[in-house]
Amino acid sequence: PAEQQALKQDIRQLLRQEDAVLVAHYYCDPEIQALAEETGGCVADSLEMARFGRDHSASTLLVAGVRFMGETAKILSPEKRVLMPTLEATCSLDLGCPVDEFSQFCDQHPDRTVVVYANTSAAVKARADWVVTSSIALQVVTHLKEQGKKLIWGPDKHLGHYIQQQTGADMILWDSACIVHDEFKAKGVEDLKKVHPDAAILVHPESPDSVVQMADVVGSTSQLIAAARDLANDTLIVATDKAIFYKMQQAAPDKLLIEAPTAGNGATCRSCAHCPWMGMNELRNMRDVLKTGSQEIIIEEGLRQRAVISLDRMLTFTP
Ligand code: CIZ
Ligand code: SF4
């Protein structure tokens, strides 16, 4: 604790000294989220992180999250220095969608509009027509369907399936999943619901269809936090990364929040329901990169100019 306090103090001072702002995702550990709040940074989902970083006047963005979030920040703000606590923090969706294979897949369907989730590399974004996050995907796909477009969707198959069901759009899905959300089990949620019959079930659509089917609310991280605040239920069963409980409990201070099970018997393991790559963001490596300037996101300018097109479509989209 004394060491933690000293690290936090160093980070506060370095943020000022380096004209830097901390932009953190809801899935980062609570101490990092708290530090972002306290130092005038932001805690948000990937869409709001992108907007905040782009619009902030700081010359350095320290992005605590996973690699695609740092890349998105750099694509939108090439003039800013973008640092991450570690560039090793990746995402199973990004890993599951290598650009060469994805491009070949797209080439096989030249008549289709390519929509990719934000959880992808800059190169995949450059190949896409549209980038979306889970908070805006339904609206964008509805809009494209109304224009008569047929789609390729990548990389998350569960989110793609959910959007296809909700919108009725003609979509071909890339086959990849989030290793965290893919572990939630319908049987476990069902057992938990028997113990807490009045609980509402909140589910992120990266979860398997069987779990989504049981949900009272399906939504992105920010949508689930808003639902936690607004629902009348006193107890909420939540199927998304458990680090979200920090902000969710702030939004719903009197409610009991329960982690959705990742095993069929109602048990849940300690390392489950938390993204291992989000967990690589630590106070220590935050302090180190602010000091040394290492772990900087660099994107080749030609690639950046192609990737920004599909990202800007999302950011300027109004339903
Ligand atoms: O699972 C993720 O990585 C999410 C939910 C990202 C986001 O859009 O905030
Ligand atoms: Fe990727 Fe899943 Fe981690 Fe989000 S929680 S960064 S989708 S692996």
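1. Two residues are in contact if their C-beta atoms, placed from the backbone, lie within 7 Å. By that rule, 64% of the contacts in the protein chain with a separation of 6 or more join residues 24 or more positions apart. The model is predicted: local features need pLDDT of at least 70, side-chain atom pairs count only at pLDDT 80 or more, and totals for chains, interfaces and linings use all residues. Residues are numbered from 1 along each chain as its sequence is written, while chains are lettered from A and ligands numbered from 1 in the order in which they are written.

2. Overall form. The protein chain has 319 residues, and a compact globule of that length would have a radius of gyration near 20 Å; the chain has 19 Å, which agrees. The radius is taken over C-alpha atoms, and the globule rule is 2.2 Å times the number of residues to the power 0.38. Along the principal axes, the C-alpha atoms fill a box of roughly 50 × 50 × 30 Å. Buried residues make up 49% of the 319. A residue is buried if 20 or more other C-beta atoms, placed from the backbone, lie within 10 Å of its own.

3. Secondary structure. The chain has 15 helices and 12 strands. These are DSSP runs, numbered from the N terminus: helices are H or I with at least four residues, strands are E with at least two.

4. Domains. There are three: domain 1 (2-89 + 278-298), domain 2 (93-178) and domain 3 (181-259). The bounds come from an automatic or database domain assignment. The C-alpha centres of domain 2 and domain 3 lie 25 Å apart. Across their boundary, 10 residues of domain 2 are in contact with 12 residues of domain 3. The domain 2 side divides into four nonpolar, five polar and one charged. Here Ala, Val, Leu, Ile, Met, Phe, Trp, Tyr, Cys and Pro count as nonpolar, Asp, Glu, Lys and Arg as charged, and the others, Gly among them, as polar.

5. A residue is near a molecule if its C-beta atom, placed from the backbone, lies within 6 Å of it.

6. Asp45 deserves a look. Asp45 sits in the loop between β2 (42-44) and α3 (46-55). Asp45 counts as buried because 23 C-beta neighbours lie inside 10 Å. Leaving out residues up to four places away in sequence, Asp45 touches Tyr26, Thr133, Ser135, Ser220, Thr221 and Ser222.

7. Ligand 2. Its shell has 14 residues, and the closest are Cys91, Ser92, Cys178, Val180 and Cys275. The shell divides into 10 nonpolar, two polar and two charged. Domain 1 and domain 2 both give residues to the shell, so ligand 2 lies between them.

8. Helix α4 (residues 67-76). Is it buried or exposed? All 10 of its 10 residues are buried, so α4 is largely enclosed by the rest of the structure. Arg67, Glu71 and Lys74 are among the buried residues.

9. Strand β5 (residues 113-117). Four of its five residues are buried. β5 pairs with β7 (residues 151-154) in the parallel sense over four bridges, with Val115 opposite Trp153. Three bridges join β5 to β6 (residues 130-132), also parallel; there Tyr117 stands opposite Val132. Strands pair if DSSP finds at least two bridges between them.

Technical notes. Buried ≥ 20, exposed ≤ 12 C-beta atoms within 10 Å, placed from the backbone.
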